[in-house]
Amino acid sequence: MFCTRLRRFAQGQWEALPDSVDGFPQARLQLEREIEFEHARALAAEYDIALVLDGTLPFGRLTGRPGLWLTHSPDLEQVDFFSEEACLAQAGTLVGTLVAQGYEQFIGVPSHLNLAQWFADPQYHDARPGLSFLSGVERIQGVFSNGDAAVVGGFGVNDTSPLSIPLLNKAIPQLFELLQKSSVQNALTASYWPYAYRFDALHKSIVDPNIARVFLGHRGSLLWVQSLVIRKIPKTERFLLTSEQWNEVYDSGACGNAEDSDIKSLFDPSGQYPYLDELFKPF
């Protein structure tokens, strides 16, 4: 029933995938229009189906539920280079497009990845606390699992607009509370940020707090990103962790534990997007 209703509305390519290891069906849909995601999200909530950004999770990893893998059509690759130093790009824009325009932070990132995949993958972002701004991400437009849509970015006394969104009005104060925990304060001075979610981006150090960067490297587990404002960053030496190293961090440290679980519960309490144990567990 879910597939029938979705395919009446969605225009993109549809592909049935092998069932998960515990027998739940899976499929993949190419989104042709941004509005198709909202339709898929509402139906997925009705039928308890997980939504997965294609490329963030191997097929078969979901536990105890069916899943819909979502890809972006070339029609969702529009970029507005509104200045020499920044652009507004749809999430389906390929990394190679921005590299060709001098966005040097993408050097070394596979050119075939789109911005949504790059944004979601922590191995392409500096792992040191306070340095998520080296991604160049200034703002994102996204959709949370409850349907709330928001444009978020810098946050401070001059920009409190995110507080007008009920979900963020609840979540942002709690994120700042997490930053006050002694274990988190220690992590802010560590050689790398040991948590899955970058709430260190709300700690004012080198740059001002930025809500958009909280979701950097979220592995598709917190929200669906539709577009991004990205600033050019000159080629800079970065401290990166590979996927294997992130798995080791997850197995041995704070990653995926209390603070990350609290953040997951704030933004995706129904588990419409993948859980961290699905994203990290051995395949």
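Five bridges join strands S6 and S9, which run antiparallel. That pairing sits inside an open sheet of five strands, ordered S5-S6-S9-S7-S8 with antiparallel pairing. Do keep in mind that this is a predicted model.

- Strand S5 (79-80) and strand S8 (149-152) form the edges, and each of them pairs on one side only.
- S5 meets strand S6 (residues 86-90) in the antiparallel sense over two bridges, and here Asp80 stands opposite Leu88 in S6.
- As background, the strands of a sheet pair through backbone hydrogen bonds, in either a parallel or an antiparallel way.

**S9 and the helix across the sheet**
- Seven of the eight residues of S9 are buried, so this strand is largely enclosed by the rest of the structure.
- Helix H2 (residues 34-47) lies across S6, strand S7 (137-143) and strand S9 (224-231).
- The direction of H2 is at about 50° to S7.

- Lys264 belongs to helix H8 (residues 258-267).
- Lys264 counts as buried because its relative accessibility is 6%, and the cut-off for buried is under 20%.
- A polar atom of the Lys264 side chain lies 2.6 Å from the backbone oxygen of Ser221.
- The Lys264 side chain also reaches the backbone oxygen of Pro274, at 2.9 Å.
- Leaving aside neighbours within four places in sequence, Lys264 is in contact with Tyr197, Ser221, Leu222, Pro269, Tyr273, Pro274 and Tyr275.

**The largest nonpolar core**
- This core holds 86 residues, and those touching the most other members are Leu68, Trp118, Ile140, Phe199, Phe215, Leu228 and Phe267.
- Helix H5 (residues 166-179) gives the most to the core, with seven residues.
- Phe267, leaving aside its neighbours within four places in sequence, is in contact with Phe144, Ser145, Leu167, Leu168, Ala171, Leu175, Phe215 and Leu222.
- In soluble globular proteins, nonpolar side chains tend to be buried together.

Conventions. Residues numbered from 1 in each chain as written. Predicted model: local features only at pLDDT ≥ 70, side-chain atom pairs only at ≥ 80, totals over all residues. Heavy atoms only, no water. Pairing = 2+ DSSP bridges. Helix = DSSP H or I, 4+ residues; strand = E, 2+ residues; numbered from the N terminus. Contact = heavy atoms within 4.5 Å. Axes fitted to C-alpha atoms, helices over the stretch in contact; angles between N-to-C directions. Buried < 20%, exposed > 50% of the residue type's maximum accessible area, 1.4 Å probe, protein only. Polar contact = N/O pair within 3.5 Å; in protein donor to acceptor, adjacent residues only side chain to side chain. Core = buried A, V, L, I, M, F, W, Y, C linked by side-chain atoms within 4.5 Å.
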